[in-house]
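Hi everyone, thanks for coming.

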Amino acid sequence: MKAEEVRSVKEEAIASIKSAGTVAELEEIRVSYLGKKGKITSALKELGMLPAEERPVVGALVNEVRQEIEQALASRREELGKSELKAKFEAERVDITLPGRKPNVGRKHLLTQVTDEIIDIFIGLGYRVAEGPEIELDYYNFEALNTPPDHPARSTTDTFYVRKAGDRPASDDALLRTHTSPVQIRVMEAAKPPIYVIVPGRVYRRDAIDPTHSPVFHQVEGLAVDEKITLGDLKGTLEVFAKAMFGEDREVRLRPHFFPFTEPSAEVDVSCFVCNRRGCRVCGNGWIEILGAGMVDPNVLAQVGYDPETVSGFAFGMGVERIAMLKYGISDMRLFFENDMRFLRQF
Ligand code: DAH
């Protein structure tokens with residue numbers, strides 16, 4: 001290549017480098033001049049074919065041109081790199097002022113909230129939480145609770161038995177517990193007085209579903225066994241509970257009732273928190289029944305090896321659904337189990 005040609009190759013190269021629009025295009029240009037088969041590379045290889053006197057001059061020129069092209073490439077590459085990065089940033093711009101997407105945070109089911117609330121009140125009084133199996137033995141659900149197989153309180157229609165229909169129940173038969181009271185026996189078998197426990201749990205009865213019945217529902221049981229426990233302790237304890245749950249102005253009354261495992265037994269009413277005992281649609285006569293209770297029957301204490309002469313106790317059991325319905329003015333129990341979020345989200 002003559003010096004003339006080398007110069008025109010240089011002009012051409014510099015011009016195309018200046019007009020290159022992308023880094024990729026620039027690379028193509030580099031290959032076409034400085035690559036293995038590039039024009040400048042070939043010019044160097046062909047130096048030997050020139051007359052001896054031209055070689056040093058053209059050789060020096062080609063080297064100089066190569067350096068100039070390299071420099072032009074480098075500075076254009078830097079320019080293009082900057083603007084390409086800028087374009088990329090522009091394209092990927094995030095609008096940080098857009099409102100975020102709210103995560104769907106869950107909440108406790110109302111029945112769990114109410115159960116927790118009941119438990120908290122008794123924990124404040126020094127009680128501990130105990131739990132027992134939902135599939136229970138006849139012995140714990142009935143027999144040890146002073147309810148033998150032929151006892152009239154044991155209605156055969158409302159228990160889910162696991163034994164064959166018509167068979168006479170035996171104490172080692174399994175059933176779905178009909179109340180949380182069997183846990184009283186399990187707790188007393190496992191420990192000595194003093195005992196102060198609160199027992200939440202699911203219970204089962206063969207009832208058709210309607211606004212106030214469900215074959216599965218929830219109870220909270222309480223048991224206190226100690227020296228010199230009296231009916232007065234029971235009433236005072238339930239009064240503290242009723243005030244904490246339904247308001248400071250509440251009163252409590254005990255109405256005589258019957259449960260096989262307590263003597264005496266009572267149904268416990270709380271003064272109506274809607275009308276304050278004047279009588280209204282919620283209470284009727286000013287009082288609302290909230291639970292069953294009584295003094296633990298001496299037979300039950302003896303059954304677990306306690307001496308009824310030295311210790312006494314009281315027990316109570318309440319329905320969580322009933323407490324929740326009263327407290328929140330809910331008129332149909334089925335709402336608790338239908339899992340309609342429009343209902344559940346209100347609490
Ligand atoms: N277990 C009874 C029921 O399901 C409720 C009950 C009444 C529990 C009196 C007690 C009690 O501990 O003393 O209807």
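**A walk through the model**

Let's start at helix H7: the elements that cover its buried residues include strand E2 (135-137), helix H6 (138-141), strand E4 (195-204), strand E5 (216-226), helix H9 (298-303) and strand E9 (312-319). Before going on, please keep in mind that this is a predicted model. Which residues of helix H7 (residues 182-190) are buried? They are Pro 182, Val 183, Gln 184, Ile 185, Val 187 and Met 188.

Now let's step back to the whole chain. The domain assignment gives domain 1, covering 3-92, and domain 2, covering 110-344. How many Å apart are the C-alpha centres of domain 1 and domain 2? The answer is 93 Å.

Pro 51 sits in the loop between helix H3 (39-45) and helix H4 (55-91), and it is partly exposed, at 35% relative accessible area.

Next, the core. The largest nonpolar core has 44 residues, and those that touch the most other members are Phe 241, Leu 291, Phe 316, Met 318 and Phe 336. Helix H5 (residues 110-124) gives this core its largest share, seven residues. Let me pick out Phe 241. Leaving aside residues up to four places away in sequence, Phe 241 touches Ile 118, Ile 121, Phe 122, Ile 290, Leu 291 and Met 318.

Phe 241 also brings us to the aromatic rings. Ring pairs join Phe 122, Tyr 127, Tyr 196, Phe 241, Phe 314 and Phe 316 into a cluster. How many aromatic pairs does the model have? The count is twelve. In one of them, the ring centres of Phe 122 and Tyr 127 are 5.3 Å apart and the planes meet at 70°, so this pair is edge-to-face. Phe 122 is buried, with 0% relative accessible area, and Tyr 127 is buried as well, at 6%.

Another pair is Tyr 328 with Phe 347. Their ring centres are 5.4 Å apart with the planes at 70°, so this pair is edge-to-face. Tyr 328 belongs to helix H10 (residues 320-328), while Phe 347 is in the segment after helix H11 (341-344), so the pair ties together parts 19 residues apart in sequence. Are these two residues buried or partly exposed? Tyr 328 is partly exposed, at 33%, and Phe 347 is partly exposed, at 22%.

Let's move on to a serine. Ser 271 lies in strand E7 (residues 262-271) and is buried, with a relative accessible area of 1%. A polar atom of the Ser 271 side chain is 2.8 Å from the backbone nitrogen of Glu 251. Beyond its sequence neighbours up to four places away, Ser 271 touches Asp 249, Arg 250, Glu 251, Arg 277, Gly 286 and Trp 287.

Finally, some backbone details. Most residues other than glycine have a negative phi, and most peptide bonds are trans. Arg 277, one of the contacts of Ser 271, has a positive phi of about 80° without being a glycine. It sits in the loop between E7 and strand E8 (287-296) and is partly exposed, at 41%. Lys 228, also not a glycine, has a positive phi of about 60°. Lys 228 is in the loop between E5 and helix H8 (231-246), and at 73% relative accessibility it counts as exposed.

Where are the cis peptide bonds I want to show you? One joins Pro 193 and Pro 194, with omega about 5°, and Pro 194 is in the loop between H7 and E4. Another runs from Glu 263 to Pro 264, with omega near -5°, and Pro 264 is in strand E7.

Conventions
Residues are numbered from 1 along each chain as its sequence is written. Side-chain values use heavy atoms; hydrogens and water are left out. Rings of Phe, Tyr and Trp (its six-membered ring) pair if their centres lie within 6.5 Å; planes under 30 degrees apart count as stacked, over 60 as edge-to-face and the rest as tilted. Buried means under 20% relative accessible area, exposed over 50%, partly exposed in between (1.4 Å probe, protein chains only). Helices (H or I, at least four residues) and strands (E, at least two) are DSSP runs, numbered from the N terminus. A nonpolar core is a set of buried Ala, Val, Leu, Ile, Met, Phe, Trp, Tyr and Cys residues joined through side-chain atoms within 4.5 Å. Contact means heavy atoms within 4.5 Å. A polar contact is a pair of N or O atoms within 3.5 Å; within protein, one must be able to donate a hydrogen and the other to accept it, and residues adjacent in sequence count only if both atoms are side-chain atoms. Domain bounds come from an automatic or database domain assignment.
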